[in-house]
Amino acid sequence: MSHVKAGGTSKNLHDSPGQRLGVKLFGGEKVRAGQVIVRQVGQTKRAGKGAFMSRNFTIHAAKDGVVTFGTRRVRLFSGKSVNRTEVTVE
């Protein structure tokens, strides 16, 4: 009768690396066409003039210029208006 009882399974074992989200180029910085300005999950920031948003909500520069951040009023599905950050390239 010399044996060890079965041990339980271990949880919280796997870990995934961070996604490196956030603002890559800040206001006043020069940008080239196609460069990544913001990596985000969901539409927390909106693309304005001179910028476009790709399928995974990453905001890129559409032309060469200088990055600027401002605010824009956006109407939600419920009808409520809220402020959102707008990224433009001038």
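Biologist: In what order do the four strands of the open sheet stand, and what is their pairing called?

Modeller: In this predicted model, the four strands follow the order 2-7-8-4 in an open sheet, and their pairing is mixed.

Biologist: What makes strand 2 and strand 4 stand at the edges?

Modeller: Strand 2, residues 30–31, and strand 4, residues 45–47, each have a single partner strand, so one side of each is left without a neighbour in the sheet.

Biologist: How do you know that strand 4 and strand 8 pair?

Modeller: Two strands pair if DSSP finds at least two bridges between them; strand 4 and strand 8, residues 81–89, have three bridges in the parallel sense, and Lys45 stands opposite Thr85 of strand 8.

Biologist: Why is Arg20 called exposed?

Modeller: Exposed means over 50% relative accessible area, and Arg20 has 58%, so Arg20 is exposed. Arg20 lies in the segment before strand 1, and its phi is near 60°, a positive value in a residue other than glycine.

Biologist: Which residues make up the largest nonpolar core?

Modeller: The core has ten residues, including Leu25, Val31, Ile37 and Val89, and strand 3, strand 6 and strand 8 each supply at least two residues of this core. Leaving aside residues up to four places away in sequence, Val31 touches Leu25, Ile37 and Val89, among others.

Note on methods. Residues are numbered from 1 along each chain as its sequence is written. This is a predicted model: local features need pLDDT of at least 70, side-chain atom pairs count only at pLDDT 80 or more; totals for chains, interfaces and linings use all residues. Side-chain values use heavy atoms; hydrogens and water are left out. A nonpolar core is a set of buried Ala, Val, Leu, Ile, Met, Phe, Trp, Tyr and Cys residues joined through side-chain atoms within 4.5 Å. Buried means under 20% relative accessible area, exposed over 50%, partly exposed in between (1.4 Å probe, protein chains only). Contact means heavy atoms within 4.5 Å.
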